[in-house]
Amino acid sequence: MIDTLPNTYEGASPVAKPIVGILHPGSMGAAVAAQAATHAATVLWCRAGRSERTVARATRFGLEPVPTAAELLERADIVISLCPPAAAEDVAREAGTHGFEGLYVEANAISPERMERIVGLLPEALVLDGAVTGTPPSGREAPTLYLSGLAPAAAVVEKLFAGTDVTTKVLGAEVGQASALKLAYAGLRKTSEVMAALSLGMAQEHGVGQELIALTSRLTGSPLAEPGRIAGTAARAWRWGPELEEAADLAAAAGLPDDLLRAAASTLARWNDSKDDDSLSAEEALRRLRRA
């Protein structure tokens, strides 16, 4: 474990080459973990129960497999959790059950309230609030990992990603700030993608779909300027819907209406059978939206 970083992390300095564990290596998680490998002794992942697609992805990124979550949690100094929002608490609970004592970076799209519950599930660890925006790092893309929590812990993660294709930014000492930023941003961006699909579907019903695309192409950053983005939204709906439910919880906690966000999440749920379907066309995505 990080014996130079006690649970308080006050005035501590990190080990030079920490062992990092990633829970679980999806498209974003595996790519972020590969960037962490720049300054880590190794990056572990647990292959138990994972799909062949996940195995291939982790192998491609050079991650070191371990047979059980218990071994990963025993060996890792730093654990990064990047999984679907609905699974975040279960993943943290498992880490807590195994008595994980290191630095746990909770980087999922969850509400600040859920973030607080996760802190309670990991009494032996230091939990840092994290949020990733952007696309997976690729050499051309550099997502930002926002952090909030105790400054010495944030400094450990900043050092881990220094000089990589993951940019880090510390927001403050309050756990929940990174989560709130992520959900506020997700609510803005992802509801606009849902509305683009609905608008195009309505226009096509009356034979004016191309006119709508031409009209909206004059708008800076319009989702309909690239109609193929609708298919991308459908393929990612299984992840985006739960994010918008979390964003709705954030809005409700702030005393704001949550109806729009929940309606967008409900619309995305109609595409759940399109999970990660990169061959999907915009027309097929709209057909599935109508069919559902």
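User: What do buried, exposed and partly exposed mean here, in relative accessible area?
Analyst: Buried is under 20% relative accessible area, exposed is over 50%, and partly exposed lies in between, with a 1.4 Å probe and protein chains only. This is a predicted model, where local features need pLDDT of at least 70, side-chain atom pairs count only at pLDDT 80 or more, and totals for chains, interfaces and linings use all residues. Residues are numbered from 1 along each chain as its sequence is written, and side-chain values use heavy atoms, with hydrogens and water left out.

User: How many salt bridges are there?
Analyst: The count is 17, taking a salt bridge as a side-chain nitrogen of Lys or Arg within 4 Å of a carboxyl oxygen of Asp or Glu.

User: Which residue does Glu-89 form a salt bridge with?
Analyst: Arg-117, with the closest N and O atoms 3.0 Å apart. The pair links distant parts of the chain, 28 residues apart: Glu-89 is in helix 4 (residues 88-97) and Arg-117 in helix 5 (residues 112-121). Helices are DSSP runs of H or I, at least four residues, numbered from the N terminus.

User: Buried or exposed, that Glu-89?
Analyst: Glu-89 is buried at 14% relative accessible area, while Arg-117 is partly exposed at 43%.

User: Which residues are linked with Glu-89 in a network of salt bridges?
Analyst: Arg-114, Arg-117 and Glu-246.

User: Other topic. What does Arg-53 meet in a salt bridge?
Analyst: Asp-278, at 4.0 Å from N to O. Arg-53 is in helix 2 (residues 52-60) and Asp-278 in the loop between helix 10 (259-269) and helix 11 (282-291), 225 residues apart.

User: And how accessible is Asp-278?
Analyst: Asp-278 is exposed at 64%; Arg-53 is partly exposed at 46%.

Definitions and conventions. Helix = DSSP H or I, 4+ residues; strand = E, 2+ residues; numbered from the N terminus.
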